[in-house]
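I am opening my notebook to record, entry by entry, what I looked up in this structure.

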Amino acid sequence: MTSAMRKLSISVPPDVAERLERESNASAYITQAVRDRMRLDALDAELAHQGITITEQGVAEARARRAAVEADWSPERRGALRERARQHALDAAAGALAHPAA
C-alpha cells in the first residue's frame, strides 16, 4: 500500500540546497529529517508535560560535563564508541528504509 504524497515547493538557503543536491533522494532525506524533528518535538512536549524543562543553560552544562568525561578517554575507547555509534546509525537507517512508515 502506498501512502498519498504531496508535492511541495520550498526555498532553502544555498548551503542547504548544496547539501540536498548531493542526495540521491532529497525528498526521502528531507522527510527523515522532518520526522526526526517531529520526534524531538514530541519528546520535548512529553518532558514538559512531566514538568521537565530543557533550557539552553542546562544543555550547555550537560555538554560541559560530557566533554570533561570524554577528555579522560583513551583514543582507543573514543574510536570504539565512535564505531559503535556509527553502526547504530547505520542499523537505524536500514530499519527506516525497511519500514518507512515507522
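**Entry 1: starting from one residue**

I looked up L43 to begin with, and at 45% relative accessibility L43 counts as partly exposed, where buried means under 20% relative accessible area, exposed means over 50%, and partly exposed is what lies in between, using a 1.4 Å probe and protein chains only. L43 lies in helix α2, and I note that helices (DSSP runs of H or I with at least four residues) and strands (runs of E with at least two) are numbered from the N terminus. From L43 I also looked across to R77, which is 34 residues away in sequence and 30 Å away in space, C-alpha to C-alpha.

**Entry 2: what kind of model this is**

I remind myself that this is a predicted model, in which local features need pLDDT of at least 70 and side-chain atom pairs count only at pLDDT 80 or more, while totals for chains, interfaces and linings use all residues. Residues are numbered from 1 along each chain as its sequence is written, and side-chain values use heavy atoms, with hydrogens and water left out. The mean pLDDT of the protein (pLDDT being the predictor's confidence in each residue, from 0 to 100) is 90, and 95% of the residues reach 70 or more. When I looked up confidence by element, I found it highest in helix α1 (residues 14-21), at 97, and lowest in α4, at a mean of 88.

**Entry 3: the overall form**

How many helices and strands does the secondary structure of the protein come to? I found four helices and zero strands, and read along the sequence they give the pattern α-α-α-α. The radius of gyration is 18 Å, well over the 13 Å that the globule rule gives for 102 residues, so the protein is more spread out than a compact globule. For that comparison, the radius of gyration is taken over C-alpha atoms, and the globule rule is 2.2 Å times the number of residues to the power 0.38. Along the principal axes, the C-alpha atoms fill a box of roughly 50 × 40 × 35 Å. Of the 102 residues, 2% count as buried. The protein exposes about 9300 Å², and carbon and sulfur atoms supply 58% of that area; accessible areas come from the Shrake-Rupley method with a 1.4 Å probe, and for residues only the protein chains shown count as cover.

I returned to α2, which has 24 residues and reaches 34 Å from its first C-alpha to its last, close to the 34 Å expected at 1.5 Å a residue; the expected span is 1.5 Å times one less than the number of residues. After α2 comes G51, whose phi is positive, near 85°.

I then looked up a nonpolar surface patch of about 690 Å², made by L8, I10, V12, V16, Y29, I30, V34 and M38. Patches are made of residues with over 30% relative accessible area and no salt bridge, with like charges joined within 9 Å and nonpolar side chains (Val, Leu, Ile, Met, Phe, Trp, Tyr) within 5 Å. The largest share of this patch, four residues, comes from helix α2 (residues 26-49). M38 lies in that helix, and at 52% relative accessibility M38 counts as exposed.

**Entry 4: salt bridges**

Side chains of opposite charge can pair when their charged atoms come close. I count a salt bridge when a side-chain nitrogen of Lys or Arg is within 4 Å of a carboxyl oxygen of Asp or Glu, and the structure holds five of them.

- E23 and R19 meet through their side chains at 2.6 Å, N to O; E23 lies in the loop between α1 and α2 and is partly exposed at 25%, and R19 is partly exposed at 29%.
- D41 forms a salt bridge with R37, the closest N and O atoms being 3.0 Å apart. Because D41 and R37 are four residues apart in helix α2, about one helical turn separates them. D41 is partly exposed at 38%, whereas R37 is exposed at 52%.
- R86 and E83 meet in a salt bridge at 2.8 Å, N to O. Because R86 and E83 are three residues apart in helix α4 (residues 75-98), about one helical turn separates them. R86 is partly exposed at 44%, and E83 is partly exposed at 37%.
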